[in-house]
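Me: Please take a close look at the ligand site in this structure, and then at what can be said about the protein around it.

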Amino acid sequence: MRKEGRYHVVDTDRADNYKYLTASVVPRPIAWVATNAPDGSANLAPYSFFTVASPEPPTVLFSIGAQALKRSGEEKDTYTNLKRDRRLTISQVERPTVEPMVGSAAEFIANTDEFLEVGLGQDRMMPGFPPIVAGSSGALFCEFLEFIAVGISYLALCEVKHYVFRDDIFDGRHVNYENVDVVARLGGPYYSALGDVLHLPRLEPDEVRSRYQRE
Ligand SMILES: Cc1cc2nc3c(=O)[nH]c(=O)nc-3n(C[C@H](O)[C@H](O)[C@H](O)COP(=O)(O)O)c2cc1C
């Protein structure tokens, strides 16, 4: 690691890239992914390499890392389950559910129902789909499309079929961001809650120029 002026420079060929990427891309939203396990139970696990892939058709992606293997050498359950049953739900994580979310990341053996393990309720509101975390502020009901292999990771591309929002977040017309209390991941055991909501409409080029023009 070199020190240049006021910055530490880390070259990627010698770095712990996971550590520096997760410190660089912050905060990351957490996809709390539920899938249908072969025995009919629900599997739940958090994935923070998560974003929108395209608004049309509505598609999200999350990345299953480390060759999609648990430390035990078995496949991650989310990966195994999606190959078998393509339906999944992605619940939002809020301040009251952040601790059970961390609990749900423990590497349980296959067919363990993490909802039960961490004492969360299941809301099975759409037949055939796995449950969402009961009381979530919002969730996506998705169909898994394909895995795209990138390095040691598998990107799971998922088409969104239904959105659900809790009443206080979406009243049928407006999203009430003041009520959104989601938690994002920083790195390792560090998480971040939302701060102030800033309201900043987009500007036209002439508005930008008049606002930032130098005298
Ligand atoms: C907040 C958080 C975010 C995580 N994000 C990811 C991720 O993006 N990709 C990944 O492969 N594992 C991630 N993990 C680890 C998985 O949740 C963990 O390996 C889990 O046991 C996988 O569960 P499964 O076997 O039920 O799929 C994350 C863990 C936590 C606590």
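Reply: An oxygen atom of the ligand is 2.7 Å from a polar backbone atom of Gly65, a polar contact being a pair of N or O atoms within 3.5 Å (within protein, one must be able to donate a hydrogen and the other to accept it, and residues adjacent in sequence count only if both atoms are side-chain atoms). This is a predicted model, in which local features need pLDDT of at least 70 and side-chain atom pairs count only at pLDDT 80 or more, while totals for chains, interfaces and linings use all residues. Residues are numbered from 1 along each chain as its sequence is written, and side-chain values use heavy atoms, with hydrogens and water left out.

Ser63 has a polar backbone atom 2.8 Å from a nitrogen atom of the ligand. Of the ligand's 640 Å² of accessible area on its own, the protein covers 90% (Shrake-Rupley method, 1.4 Å probe; for residues, only the protein chains shown count as cover). In total, 20 residues surround the ligand, each with a heavy atom within 4 Å of it. Asn43, Tyr47, Gly65, Asp77 and Thr78 are the closest.

Elsewhere, Val60 can be followed through its contacts, meaning heavy atoms within 4.5 Å. Beyond its neighbours within four places in sequence, Val60 has contacts that include Phe50, Ile90, Leu140, Cys142 and Cys158.
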